[in-house]
Amino acid sequence: MDVDTLVFTGSTRIAKQLMIYAGESNMKRVWLEAGGKSPNIVFEDAPDLDAAAEAAASAIAFNQGEVCTAGSRLLVEASIKNVFVSKVVEALRTWQPGHPLDPETQVGAMVDQQQLETVLSYVEKGQAAGAALLCGGKQIMEETGGLFVAPTVFDNVNNEMTIAQEEIFGPVLSVITFNSLEEAIAIANDTDYGLASAVWTSDISKAHKTAKALKTGMVWINHYDGGDMTAPFGGYKQSGNGRDKSLHAFEKYTEVKATWIAL
């Protein structure tokens with residue numbers, strides 16, 4: 001009851017429960033940085049498809065995909081989809097799990113057995129829903145005793161599928177095709193989350209229009225996962241509230257007071 005503020009980073013499920021507990025106690029303020037299902041949007045006029053593919057691979061494989069801002073939904077314009085997805089699959093070859101003491105290793109193990117099983121269960125759900133498994137989708141290096149999952153790409157995903165709507169928190173990428181700017185924005189915003197997003201285009205007007213329409217706390221243009229301590233970090237909707245980093249972060253730990261003096 002003596003705690004005035006609670007700041008939490010973690011899953012949306014736990015974040016919601018903390019809000020309930022706060023209401024049941026002293027109505028303490030709760031600031032939350034929760035989950036995400038971030039859209040990475042690649043238009044046909046992206047300035048460098050190779051760079052975009054490398055970024056898309058990194059966005060889902062970095063830290064085994066156990067990242068709140070992971071680019072787990074890859075939205076690709078139909079005219080370049082086949083070419084671009086092939087580039088992403090090829091780029092993921094350099095993001096294969098390996099021994100954690102090997103300097104060449106870029107991808108480690110899942111945090112625990114439960115998370116490994118969770119990730120593999122989503123692979124099963126994706127296949128059952130009719131998505132096309134292009135690579136990965138299985139545990140590897142079992143002989144080491146480690147909990148390693150190969151980076152996974154699903155094609156032919158629609159945004160209603162479970163793998164496109166729920167945060168997997170693992171290296172599982174869902175590829176969704178779009179045909180217009182308006183459709184891309186509609187798909188990107190059709191989620192309970194709103195943490196981060198990325199837009200790849202050579203058209204600065206299109207970039208600004210898309211960024212403005214996206215309901216996410218952060219938008220990266222022609223790169224992924226940029227940031228600085230001076231810029232706010234946080235999301236919309238069920239990705240949380242408030243902001244980390246920047247001067248906006250001080251708002252979590254301060255109260256506004258009005259003092260009136262009669263002269």
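Which residues are exposed on the other side of H7? I started my notebook with that one. Ile-204, Ser-205, His-208 and Lys-212 are the exposed residues there. A reminder to myself: this is a predicted model.

**Entry 1: helix H7**

I then turned the helix around. H7 runs over residues 204-213, and I found Lys-206, Ala-207 and Thr-210 as its buried residues. They sit on the same side of H7, because the arc they cover around the axis is only 100°.

Next I looked up what this buried set packs against. The partners are strand E3 (39-42), helix H6 (181-189), strand E10 (196-200) and strand E11 (218-221).

I also checked the start of H7. There, Asp-203 brings a side-chain oxygen to within 2.9 Å of the backbone nitrogen of Ser-205.

**Entry 2: Thr-210**

Why does Thr-210 count as buried? Its relative accessibility is 0%, and the cut-off for buried is under 20%. Leaving out residues up to four places away in sequence, I listed Ile-41, Phe-43, Leu-181, Ile-185 and Val-199 as the residues Thr-210 touches.

**Entry 3: salt bridges**

How many salt bridges does the structure hold? I noted six, and went through some of them one by one.

One of them pairs Glu-255 with Arg-29, with 3.7 Å between the closest N and O atoms. Glu-255 belongs to the segment after E11 and Arg-29 to strand E2 (residues 29-33), so this pair ties together parts 226 residues apart in sequence. I looked up the accessibility of both ends: Glu-255 is exposed at a relative accessible area of 63%, while Arg-29 is partly exposed at 23%.

Another is formed by Lys-81 and Asp-155, whose closest N and O atoms are 2.9 Å apart. This pair also links distant parts of the chain, with Lys-81 in helix H3 (residues 81-91) and Asp-155 in strand E8 (residues 152-155), 74 residues apart. Are the two partners buried or exposed? Lys-81 is buried, with a relative accessible area of 11%, and Asp-155 counts as buried at 8%.

Note on methods
Residues are numbered from 1 along each chain as its sequence is written. This is a predicted model: local features need pLDDT of at least 70, side-chain atom pairs count only at pLDDT 80 or more; totals for chains, interfaces and linings use all residues. Side-chain values use heavy atoms; hydrogens and water are left out. Buried means under 20% relative accessible area, exposed over 50%, partly exposed in between (1.4 Å probe, protein chains only). Helices (H or I, at least four residues) and strands (E, at least two) are DSSP runs, numbered from the N terminus. The arc is that of the directions from the helix axis to the C-beta atoms. Contact means heavy atoms within 4.5 Å. A polar contact is a pair of N or O atoms within 3.5 Å; within protein, one must be able to donate a hydrogen and the other to accept it, and residues adjacent in sequence count only if both atoms are side-chain atoms. A salt bridge is a side-chain nitrogen of Lys or Arg within 4 Å of a carboxyl oxygen of Asp or Glu.
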